[in-house]
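Have the model open as you read.

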Amino acid sequence: MTAGQVKNKPSGSVGKSVLRLENQALLRGRGRFMDDMPVPQGTLHAAILRSPHAHAEILSIDTSACLKRDDVFAVVTGAEMLEYTDSLKTAVDTPMEYYGLATDRVRFVGEPVAVVCALDRYAAEDALDDIKVRFKTLPAVIDPVKALNDDATLIHPKMESNAYSRHHFVHGEPDQAFASAEDMIEFTINYPRNSIPPIECFACVAEYLPETGGYDVLSNFPGPFGMQPVMAWALRVPGNRLRLRTPPNAGGNFGTKLCMFPQMVVMCVASRLAGRPVKWLEDRHENLAAANSAQNRVTTVRAAHTSKGEVTAIAFEHWDDNGAYLRAPMPGPIFRMHGTTSNGYKVKHLDVKMNIVATNKCPSGAVRGFGGPQLYFATERLMHKLARKLERDPLEIIRLNLLPSDCFPYRAPAGSLYDSGNFQRCINEGVEQGNLTALLKRREEVRARGGYYGIGYATAVEPSQSNMGYISILKTAEERKRAGPKDGAISYVTVSVDSSGAVNVVSESVPQGQGHATVLAQIVSDQLGLTPQEVTVNLELDTEKDAWSIASGNYSSRFAPAVGSAAQAAALRVRQKLATIASSRLNVPADQIEFSDGRIFARDNPENFIKFYRMAALAHWSPGSLADGMEPGVRERVAWSAPELDASNELGEINSELAYGFAFDFCGVEIDPVTYNIKVDQYVSAHDCGTLLNPAIVDGQVGGSFAAGLGAALYEEFVYDEDGAFYSGTFAEYLVATAPELPPLDIVHCTPTPSPYTLLGAKGVGEGNTYSTPVCIANAIADALDLEDVVLPMSPSKVADLLMSEEPAPPRGMAAPPKNKPRAGGGRALTGEGRTRVPASPQEVWDILLDPRSLAKVIPGCRDLDEVGDNRYRAEVDMGVGPVRGRFEANVALSDLVEPESAMLTGEVSGPLGNGGGSGRVTLEPDGDGTLVIYSYEVTVSGKVASVGGRMLDGAARVLIGQFFNALLRQTGGTASEGVWTRIRRKLRMDK
């Protein structure tokens with residue numbers, strides 16, 4: 001059905017802030033999330049062994065000791081994935097192969113290497129220590145621009161370069177526009193790699209079904225369910241042998257769960273090998289290190305403009321960092337937003353180059369915003385930088401370049417069909433209702449007293465409901481022609497009325513907490529004359545029995561324009577059927593019948609009515625009394641796809657989305673001149689998202705995307721060093737914006753411009769502020785500090801680096817403090833020095849250091865030590881940082897021996913939690929009847945230990961050094977120093 005076929009807008013609960021129906025269960029603690037769902041008897045639990053290296057060949061994997069454990073039922077490695085699965089398909093034609101587990105080499109810190117299936121998670125985690133993996137480290141590639149250099153290490157040897165693909169789009173006549181330009185502006189931006197971590201991480205329960213050779217998977221995978229055939233192909237089964245199910249509730253998503261389907265394939269193989277169902281719950285470190293993240297992107301911007309500031313042409317070149325592997329639907333984000341490359345501006349000429357790049361980072365994914373934050377950071381920085389160049393107000397430049405209100409529907413140069421809008425009016429309403437005048441006055445006041453205060457602006461065209469054909473534009477015109485047309489996006493909604501008159505709604509939107517059930521109940525109840533509370537909505541999806549399509553799922557703000565339209569059409573069909581049945585009973589034409597207050601009645605004579613439940617019962621209890629040709633029962637299923645979602649043309653231009661909202665933001669940012677703290681003083685966000693189906697839920701969506709945008713601007717960043725070591729493995733290192741960090745948000749609902757292409761006129765609104773907020777705040781910071789460039793996230797320390805002069809040199813005779821720094825080979829380098837006195841002669845100390853049995857007693861956590869050569873030892877040690885502890889294999893050597901005066905200790909450790917290496921010099925000096933032991937060291941650590949314990953590494957190093965010398969004191973007959981808790985208890989007289 002199309003929008004032209006159905007355009008009945010009821011006047012009931014739609015448009016009102018109906019309380020969420022979902023809240024009753026959630027507030028009573030009766031929500032059912034993945035870990036609440038019952039599992040089959042005998043279900044095993046999985047734990048994943050992950051790579052501590054950014055890039056390394058796998059020389060061998062020994063699982064024999066692990067498989068000997070009584071509580072372990074299966075171990076899966078890349079070898080088993082090669083045997084039982086095929087490489088996961090992507091939209092890009094590339095020789096890259098991906099099986100969910102590493103096969104030939106590891107390509108990022110945290111990459112899954114093996115899976116252990118055991119009786120419980122504790123046993124599975126413990127068993128990981130028994131898997132021995134030998135690696136040969138390789139150079140890592142981190143910078144997406146340098147990754148394309150001719151001398152860059154190939155991440156995938158079968159690829160000719162580290163470019164998964166390259167593309168060049170030309171729209172209009174950009175060469176001519178640049179040649180005739182009055183002036184040009186050029187700059188480069190770097191958008192950071194970040195994510196939006198959900199409260200609930202990914203989880204699945206996979207079961208192999210030997211009776212059919214198929215699989216049953218329960219998970220909080222949110223779709224799009226176009227990934228279901230990708231998984232089925234990988235598992236070598238037809239689609240109807242892979243059943244996917246979802247739980248009633250999910251604790252957030254924000255796109256991060258979308259690309260987790262490879263782990264579902266891995267767990268299916270694990271279940272097949274173990275002969276039992278397998279459950280896996282992703283932990284927080286796994287989520288941060290190895291789930292997915294938004295692409296970090298480098299963009300060069302070149303724009304032609306007039307002397308007044310009107311932009312006439314734009315040339316972008318993007319280096320989109322997609323990480324170590326492409327996982328479908330990657331590299332979707334950059335192509336999804338390509339149609340809106342010009343944002344809401346009237347520029348006609350575009351030249352866009354895209355480099356889809358591989359690096360040794362976690363594979364990228366579909367984080368909320370899906371390519372929009374990166375694109376609009378470029379367009380909106382352009383407007384501010386152009387205003388700065390021309391010494392004009394940025395808002396004037398924005399207004400000068402905006403599309404006029406009389407141009408809609410408007411075909412943007414890159415193909416998007418903007419359905420409706422009045423951008424200028426939305427800005428005017430935002431400025432007036434948000435009181436920009438007062439904000440400008442505040443900036444003057446703060447600056448007058450010498451403070452830092454800036455105002456930023458940003459606009460964003462907000463697309464919603466993806467055209468499933470947009471990804472086809474990464475192929476050539478000839479390739480698209482051979483493959484056949486790709487277009488549209490199907491949404492399913494089923495509305496049924498049972499014999500008692502009770503109404504049920506089923507859909508495939510797979511909500512993650514947004515309130516979909518409430519809005520569907522509003523839409524359906526309005527058509528049937530009921531209240532939302534009288535409608536039951538079930539949104540659990542089961543691909544074996546429910547209607548679904550490749551477009552099903554929760555992403556791209558598809559609910560309001562697409563699922564809402566399908567619900568409206570299905571409800572109207574039910575209404576029309578009941579009206580037709582009632583027509584003969586009420587003796588009035590069907591088109592003169594109304595529904596309200598649980599009654600079906602004649603419009604001109606409300607007293608001529610029949611109860612809704614009685615009319616519904618008739619279709620069940622007396623199908624023979626229905627009109628000829630009318631189906632018995634009351635059940636209508638609608639499959640809805642808008643015809644405006646057409647296929648691409650030969651130039652790769654496509655209407656990538658169905659509906660396009662508009663957002664205009666402005667904010668004031670004050671920076672403390674002493675602490676450099678960044679305070680968002682006021683934030684105003686004006687939105688036109690067409691018809692508001694439920695204003696309170698819209699406000700929730702705007703507020704949520706604002707929180708995500710604030711995090712990207714000021715807090716969230718995945719940090720890798722130049723060798724690929726990962727440093728953002730906990731919320732101590734990876735900061736997110738929580739309630740205390742959120743400033744007040746003033747939301748302005750602009751006069752709506754309903755979409756002519758959706759049945760209720762609604763547009764999506766779930767992502768707008770992820771587009772606009774990061775660049776709006778960046779523009780305000782640039783204004784406050786008079787900066788040419790801003791790199792997010794902007795923190796007080798970065799502001800200090802910009803504003804403070806170099807620290808003065810230390811006073812004469814005082815050495816500068818040592819600094820921790822990255823070093824070749826990867827990881828974080830720790831340095832330290834110190835001295836301690838032991839009650840033994842230098843020769844006695846020397847003898848202990850060179851005696852294997854004595855040395856084993858002084859190495860912290862040493863379980864076993866073997867001499868493998870002259871002054872060379874191999875040991876098993878238990879150690880860790882804070883909560884991260886594990887078993888490591890250590891290789892230690894003594895060299896540069898000057899008996900009994902000095903020696904050099906070198907060593908390396910490796911284990912499931914990471915790896916490290918370093919060296920230290922020990923000098924022994926006589927000190928009366930004892931020896932002064934002087935030491936210095938430099939140690940490098942990487943892997944999980946570094947990413948989780950990054951802030952505790954220095955302290956941990958000091959603790960290990962202390963343990964070493966306490967043990968040495970005991971070996972020489974001295975007394976070990978008291979630990980801190982011993983001293984505290986003694987002070988408090990708590991010792992017995």
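## The second largest cavity

The second largest cavity holds about 140 Å³ of space, and a search of the whole structure turns up five cavities of 30 Å³ or more. A cavity here is a set of points on a 1 Å grid over the protein atoms alone where a 1.4 Å probe fits but cannot get out. Volume is the space filled by probe spheres set on the points, which are joined across faces, edges and corners.

This is a predicted model, where local features need pLDDT of at least 70, side-chain atom pairs count only at pLDDT 80 or more, and totals for chains, interfaces and linings use all residues. Residues are numbered from 1 along each chain as its sequence is written, and side-chain values use heavy atoms, leaving out hydrogens and water.

## What lines it

The lining of the second largest cavity has 21 residues, with Tyr 191, Asn 194, Val 367, Arg 368 and Pro 373 nearest the centre; a lining residue has an atom within 4 Å of a point. Helices H10 (372-390), H18 (695-714) and H19 (768-785) each give two or more residues to this lining, and H18 gives the most, three. Helices are DSSP runs (H or I, at least four residues), numbered from the N terminus.

## H10 against H11

H10 also packs on H11 (residues 394-401), at an angle of about 120° and with the axes 8 Å apart. That makes the pair oblique, the class left over once angles under 35 degrees (roughly parallel), over 145 (roughly antiparallel) and 65 to 115 (roughly perpendicular) are taken out. Axes are lines fitted to C-alpha atoms over the stretch in contact, and angles run from 0 to 180 degrees between N-to-C directions.

On the H10 side, the residues that meet H11 include Met 383 and Leu 390, and among their H11 partners are Ile 397 and Ile 398; contact means heavy atoms within 4.5 Å.

Methods:
1 Å grid on protein atoms, 1.4 Å probe; cavity = no way out; pocket = protein on both sides within 12 Å on 5 of 7 lines; lining within 4 Å.
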